Amino acid sequence: MTRAIHLLPPAVARLIAAGEVVSRPLDVVRELVENALDAGATRIEIEVEEGGLGRVQVRDNGVGIPAESVPLAPARHATSKLPASLPTAALPVTTLGFRGEALWAAAQAGELDLVTRPAAQVGAARVQAHGEDVHVSRTSAPAGTTATVSRLFARLPARLRTQAAPAAEVREITALVGRYVLHHPQLSWRLTVDSETRLTHAPADHRGAVATVYGPLSANRVLTVQAGAVSGVISRPELTRARRDRMHFAVNGRPVVAPPELERAVIDAYAELLPAGASPLCVLDLTVAPEDHDPNIHPAKQVVALADLPGVAGRVKEAVAAALAAHPLVRAAPALMAPPSPAPQPDGTFPALTLLGVYQELYLLAQGEGDLWVVDAHAAHERVLYERLTRELAAAPPLELPAPELLHLTPEQAAQLDERGDDLRAWGLNIEGFGAGLARLRSLPAALAALPVPRLHELLVETALAGGPDPQREVLARLACLPALKAGMLDTERGTAVLAALRECQQPWACPHGRPTVLRLSEHDLAHAFGRRGVRDVARGRDALDTPNVNL
């Protein structure tokens, strides 16, 4: 059903006003997509030119706007989504949009062209608005709505100069559209950037949406969650990440920035199935009563307030735990790796340590410079491997693959490739876009080609295009972490080799992820801890140094 547009009373407008809603092209895409979803569209097509500053267009097959309401469409606080008689003490929001600011704000920031027709109406209406200048006319068009915003911020030079580069904005838009696909997988989606199709999705379930956004390998490793007000998918324990960037939540269909309590509820539900610091992939849709949440606390409506956040978190944890309990989750044991060969040219800052023993098959107890040293063998081995890979990366030319390997790219990865492809090629990783969400890996650094790492090529591309500030460092750090010694793999021989190799490192004090490799305890500290006051209670080792900050 369609409802007539009307102006909200000033009291209601003041209740829901939350500031400017269009400050960048991403905001235009979000607002127009939400209008399409509220219109009941089953097919949504988004087109972006020049990073959105040139043109943003969203076409849908929703219910459309009746001709008599079209003149009010670009008016501020004009909406069909809240009743005009709304009490000022209540805001029962059941739609994604509700303030009546989106089209008005778009017309203030750029040039709005809206063509719309309900299915039962003969002929379409067109409204063109820029600032306070509004022109309405008749035209012909299929049922639905096509909203176009062009020349964004052309008359606001200060705002225009502060916009991100087009490639960066496209990356954010692609990620945003991917979020809507994940939470509305039953719809048909298409994103086109500068006449090139970046994302297409045919109606499917959540698993199909994961395949569209993150690729079929990820889709094959997710489990369905369906428990009352919580639905979606979660990844099996072997599909994890160090960051929480693939943990997605929606409240009543609205993708939101999840409160930490919800993310923690999911991670806690995995319990010992997840290693410390790892996060799963999840796409969870939460349903709450309209009166139990407030979406009006942020201009972009990405942050919502929940009346019973602990209760919602508890339901999420129970739903995820139930999904995990319903499936066998056997994980493969890691392969043992030989210790690295020591590199030449030590810098002399790390002392020669004598191994005393191995504690819990992970920590090395050693002595040196009169002190007791505790070495995290995994972190130390990771540092050794990282520096070895760094040296070898610069020493050999890239290895051209005999036959380029075809890889699936998520829309976000494709946007990252457009932005940083030249930088990747500079250090030997040549990834060539192949269209339709595919890419060809043509060459990779020779130092990495022979590493005994499962899914090496896929891992290289995933890490290099993850969006971090330094893809080379992140690739090498991840490849150093995977084969590094783990708990249960350590013995005296390997421990001695790790200590020797760590001494050869240029920066032996921390692993490439920033964790310390060693802790140091002086005999002076031990003597005081045991209450000793004898002749051995003298400054030595660390306490005898003039620079006490060497205690790492």
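**Exercises on rings, cavities and cores**

In this predicted model, tyrosine 363 is partly exposed, with a relative accessible area of 31%.

**Exercise 1.** Find how many aromatic pairs the whole structure holds, and classify the pair of tyrosine 359 and tyrosine 363.

*Solution.* Step 1: a search of the whole structure gives 5 aromatic pairs. Step 2: for tyrosine 359 and tyrosine 363, the ring centres are 6.4 Å apart and the planes make an angle of 35°. Step 3: planes under 30 degrees apart would count as stacked and those over 60 as edge-to-face, so the rest are tilted. The pair is therefore tilted. Step 4: tyrosine 359 has a relative accessible area of 47% and is partly exposed.

**Exercise 2.** Which residues do ring pairs link into a cluster, and which residue lies over the face of tryptophan 104?

*Solution.* Step 1: the cluster joined by ring pairs consists of Phe350, Trp373 and Trp509. Step 2: over the face of tryptophan 104 lies arginine 76, at 4.4 Å from the ring centre.

**Exercise 3.** Describe the second largest cavity by volume and lining.

*Solution.* Step 1: the whole structure has 3 cavities of 30 Å³ or more. Step 3: its lining is made up of Ala229, Val230, Leu286, Thr287, Val288, Val312 and Arg315. Step 4: by class, this lining has 5 nonpolar, 1 polar and 1 charged residues.

**Exercise 4.** How many residues does the largest nonpolar core have, and what does isoleucine 44 touch?

*Solution.* Step 1: the largest nonpolar core has 57 residues. Step 2: Ile44 is among those with the most contacts inside this core, together with Ile46, Val177, Trp189 and Val210. Step 3: leaving aside neighbours within four places in sequence, the contacts of isoleucine 44 include Leu37, Val58, Asp60, Leu187 and Trp189. Step 4: a second, separate core has 31 residues, including Leu407 and Leu456.

Terms used:
Residues are numbered from 1 along each chain as its sequence is written. This is a predicted model: local features need pLDDT of at least 70, side-chain atom pairs count only at pLDDT 80 or more; totals for chains, interfaces and linings use all residues. Side-chain values use heavy atoms; hydrogens and water are left out. Rings of Phe, Tyr and Trp (its six-membered ring) pair if their centres lie within 6.5 Å; planes under 30 degrees apart count as stacked, over 60 as edge-to-face and the rest as tilted. Buried means under 20% relative accessible area, exposed over 50%, partly exposed in between (1.4 Å probe, protein chains only). A charge sits over a ring if NZ of Lys or CZ of Arg is within 6 Å of the ring centre and within 35 degrees of the ring normal. On a 1 Å grid over the protein atoms alone, a cavity is a set of points where a 1.4 Å probe fits but cannot get out, and a pocket is an open set with protein on both sides within 12 Å along at least five of seven lines; lining residues have an atom within 4 Å of a point. Grid points are joined across faces, edges and corners, and a volume is the space filled by probe spheres set on the points. Ala, Val, Leu, Ile, Met, Phe, Trp, Tyr, Cys and Pro count as nonpolar, Asp, Glu, Lys and Arg as charged, and the others, Gly among them, as polar. A nonpolar core is a set of buried Ala, Val, Leu, Ile, Met, Phe, Trp, Tyr and Cys residues joined through side-chain atoms within 4.5 Å. Contact means heavy atoms within 4.5 Å.
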